[in-house]
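Here is a friendly briefing to read with the model open beside you. Please have a look at the structure, then follow the topics below.

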Amino acid sequence: MAAIELIASLASPRERAGTDLGPYDAVCLGSPYCRRVRGNFAEDLSLLPEAVSGMRAAGKNVYVTSPAAPRGRDLPHVEMLIAAAADAGAQALEVHNMGVLRILREKGNPLPAHIGAYANVYTHLTAQVMRDYGAVRVRPNAEVSLQEMEILARDGGVEVEVLAHGKIPLGVTERCSLLSEAEDADPKCPSACEEERWLTTRQWVLKNVGKGVLSGRDMCLLEHLPRLLSMGFSVFKIEGLYESAAYRSEVGRVYREALELAASGKPYEVRPEWAAVLRRHSREGFCNGYCFGKTGRLYVGTVLQEDKPKV
Amino acid sequence: MAELLASGGTPGMVRTVLDNGADAVYVGAKGWSRRRAQYEMDDEQILESASYARSGGKVLRVAFNTLPASGEIPLLLAKVEKFMAAGIRDFILTDVGAMTALSRNFPGVRIHASVGCTIVNAQDARFYKEAGADQIVAECRMDREEMRRIKQEAGVGLEVLVHATTCYTLLGRCTMSSYTRQEWRIDAEGKNHFLGSPNRGGLCYRICMTEWDEVGKDGAVEGRGIVLPNVAYFLVDDIPSLIDLGVDTIKIQGREYSVPLVGEMVRFYRELIDACVKDRSSFALGPWKERMAGIVAARDAERREKTAGLISESLSAP
């Protein structure tokens with residue numbers, strides 16, 4: 001079995017503060033949604049050397065993300081980001097946009113690519129193309145089932161990263177929906193996305209992060225970890241963007257313990273204290289339907305199912 | 001001159017758009033395009049429609065622009081082989097791997113990278129060219145400068161949608177619909193229609209267009225009746241500049257609209273483009289905008305009705 005890697009995502013020093021990275025093997029720095037996120041590691045490149053070296057000194061693998069949908073005017077920054085991430089010692093660039101992937105190759109692949117969730121990887125053939133451009137890891141689109149991911153990992157020639165827990169990225173947009181004026185003119189930017197905002201209607205709830213739409217419910221694969229390991233997956237992400245330090249720290253601890261138990265070969269069960277932690281941090285309940293070919297907001301499983309009226 | 005490409009949701013729509021002046025028509029292979037099955041065609045209908053297009057010296061393009069499962073790639077290749085054997089050379093794709101497979105396996109194939117590829121910069125365009133695309137569709141909000149850069153630097157054809165929708169999210173990068181409802185339904189050929197996923201099966205429940213409440217951390221409602229902008233547009237002012245830019249294809253989306261309405265749209269754009277090209281010095285947009293207003297009103301009425309039905313359908317999720 002390949003060594004397990006548990007990854008946390010952190011947008012900024014603000015999200016880094018107070019987060020216990022002890023449970024994690026790796027960290028992905030920066031927000032792909034908006035270049036204006038305060039202290040965005042993928043934007044304020046002066047932050048990278050210290051952040052990367054500090055985390056690497058602590059034994060973590062460190063990756064840096066890139067903008068999800070950069071226009072041509074953003075590409076000069078992307079070029080600087082690639083250079084800064086490589087110089088700082090980051091071990092991969094998370095890439096959502098094919099133009100960014102191409103630039104990375106043009107630069108001679110100074111660091112490998114990890115293909116992000118917004119890159120729309122659905123097939124092993126696409127994973128192969130990404131591999132040929134310098135990708136070593138792929139996070140399939142949220143809609144791709146575990147069964148399909150297994151084929152991707154087997155035939156795509158790349159590692160597959162699985163979102164184990166956290167909000168599912170559902171959409172990316174260019175106009176911040178938390179602002180009433182243009183970004184430069186609205187005093188609410190960049191603080192607006194630092195506060196929780198939810199969109200609710202009928203039986204649906206979504207989390208609104210301004211330029212991104214996330215699931216209201218938390219993806220949760222805790223009770224399925226033994227199956228995931230037996231399928232050969234070993235890279236797991238806890239989506240920590242736009243969450244609290246306590247969320248990243250405590251959810252990370254739960255998954256670290258759970259993965260160790262699942263990998264030990266001992267009988268596996270979801271411990272009540274784990275469930276309690278996850279429930280405490282999950283405002284709208286859990287989901288994992290996409291993994292099983294069902295509606296994304298649904299939860300498949302028995303242990304953590306609960307009767308939430310809204311999803 | 002730019003090709004005028006229009007939608008063919010049914011064999012009747014194919015004939016109508018070609019008869020009204022479209023140079024080319026696109027159709028969806030059943031289960032494989034970014035619309036639900038009722039706006040797609042089975043193989044026989046596609047072959048008959050292609051024959052009709054050819055008889056008028058026009059082109060039929062087949063959309064396979066959903067994102068399939070790995071296990072469906074052999075089905076895709078078999079269908080393309082069948083269409084190629086019947087003389088169809090033009091295909092619209094989104095999956096990068098599928099593009100590469102087609103360009104390697106079928107010499108002479110012409111591939112358009114779909115709007116679902118979300119091509120937002122010139123480097124994107126170059127990537128898709130390297131993957132096998134002959135032409136790329138510009139993301140709906142792309143500005144002229146980026147289009148100019150693609151024309152100058154990417155060496156790939158450029159297609160612009162003049163009647164389409166700018167989703168709240170970037171089109172092709174949204175799974176809000178399938179988050180609220182998704183069903184896997186596999187047809188007799190073995191194709192999963194991924195109902196509820198616009199990226200995979202074509203059906204979008206347009207939940208962004210319902211009215212939302214904004215709620216803060218403490219649960220207090222801070223705003224009511226919020227609609228996430230999802231606007232159907234109908235470009236007129238831009239046509240002269242698109243022609244000047246050397247855009248290769250001007251595309252009218254609309255398979256889900258009524259055949260008479262789509263026919264009217266095509267006739268409108270045909271005459272507008274021809275008038276613009278014929279005599280630029282006396283060309284004025286005013287009369288065209290007046291005529292456009294009537295078409296837009298009819299389009300919006302049809303769209304409102306369809307949107308309400310789709311949201312209702314999503315709410316009836318199992």
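This is a predicted model: local features need pLDDT of at least 70, side-chain atom pairs count only at pLDDT 80 or more; totals for chains, interfaces and linings use all residues.

## Briefing on the two-chain model

Residues are numbered from 1 along each chain as its sequence is written, with chains lettered from A and ligands numbered from 1 in the order in which they are written. Helices (H or I, at least four residues) and strands (E, at least two) are DSSP runs, numbered from the N terminus.

**Helix 2 of chain A**

- The buried residues of this helix, which spans residues 48-57, are Leu48(A), Ala51(A), Val52(A) and Met55(A).
- Seen down the axis of helix 2 of chain A, these buried residues fall within an arc of 90 degrees, so they line one face of the helix; the arc is taken from the directions from the helix axis to the C-beta atoms.
- They pack against strand 2 (26-29), strand 3 (61-64) and helix 3 (75-88) of chain A, where contact means C-beta atoms, placed from the backbone, within 7 Å.

**Where the chains meet**

- In all, 48 residues of chain A are in contact with 52 residues of chain B.
- The side of chain A that touches chain B has 19 nonpolar, 17 polar and 12 charged residues; here Ala, Val, Leu, Ile, Met, Phe, Trp, Tyr, Cys and Pro count as nonpolar, Asp, Glu, Lys and Arg as charged, and the others, Gly among them, as polar.
- The axes of helix 5 (residues 124-132) of chain A and helix 4 (residues 96-105) of chain B come within 6 Å and cross at roughly 85 degrees.
- Leu125(A), Thr126(A), Gln128(A) and Val129(A) make this contact from helix 5 of chain A, meeting Val96(B), Gly97(B), Ala98(B), Thr100(B) and Ala101(B) of helix 4 of chain B.
- By class, that helix contact has 5 nonpolar, 4 polar and no charged residues.
- Strand 8 of chain A and strand 8 (residues 212-216) of chain B run antiparallel, joined by 4 bridges; strands pair if DSSP finds at least two bridges between them.
- Arg197(A) has Gly216(B) as its bridge partner in strand 8 of chain B.

**Covered elements of chain B**

- In helix 5 (residues 122-130) of chain B, 7 of the 9 residues are buried, so it is largely enclosed by the rest of the structure.
- Its buried residues pack against helix 3 and helix 4 (98-106) of chain A, together with strand 5 (110-113), strand 6 (135-137) and helix 6 (144-154) of chain B.
- Strand 2 (residues 24-28) of chain B is mostly covered, with 4 of its 5 residues buried.
- Strand 1 (residues 3-7) of chain B pairs with strand 2 of chain B in the parallel sense over 3 bridges, and Ser7(B) stands opposite Tyr26(B).

**Backbone points to check**

- Most residues other than glycine have a negative phi, and most peptide bonds are trans.
- Thr118(B) has a positive phi of about 55 degrees although it is not a glycine, and it lies in the loop between strand 5 and helix 5 of chain B.
- The peptide bond from Cys189(A) to Pro190(A) is cis, with omega near 10 degrees.

Note on methods. A residue is buried if 20 or more other C-beta atoms lie within 10 Å of its own, exposed if 12 or fewer, and partly exposed in between; C-beta atoms are placed from the backbone. Two residues are in contact if their C-beta atoms, placed from the backbone, lie within 7 Å. Axes are lines fitted to C-alpha atoms, for helices over the stretch in contact, and angles run from 0 to 180 degrees between N-to-C directions.
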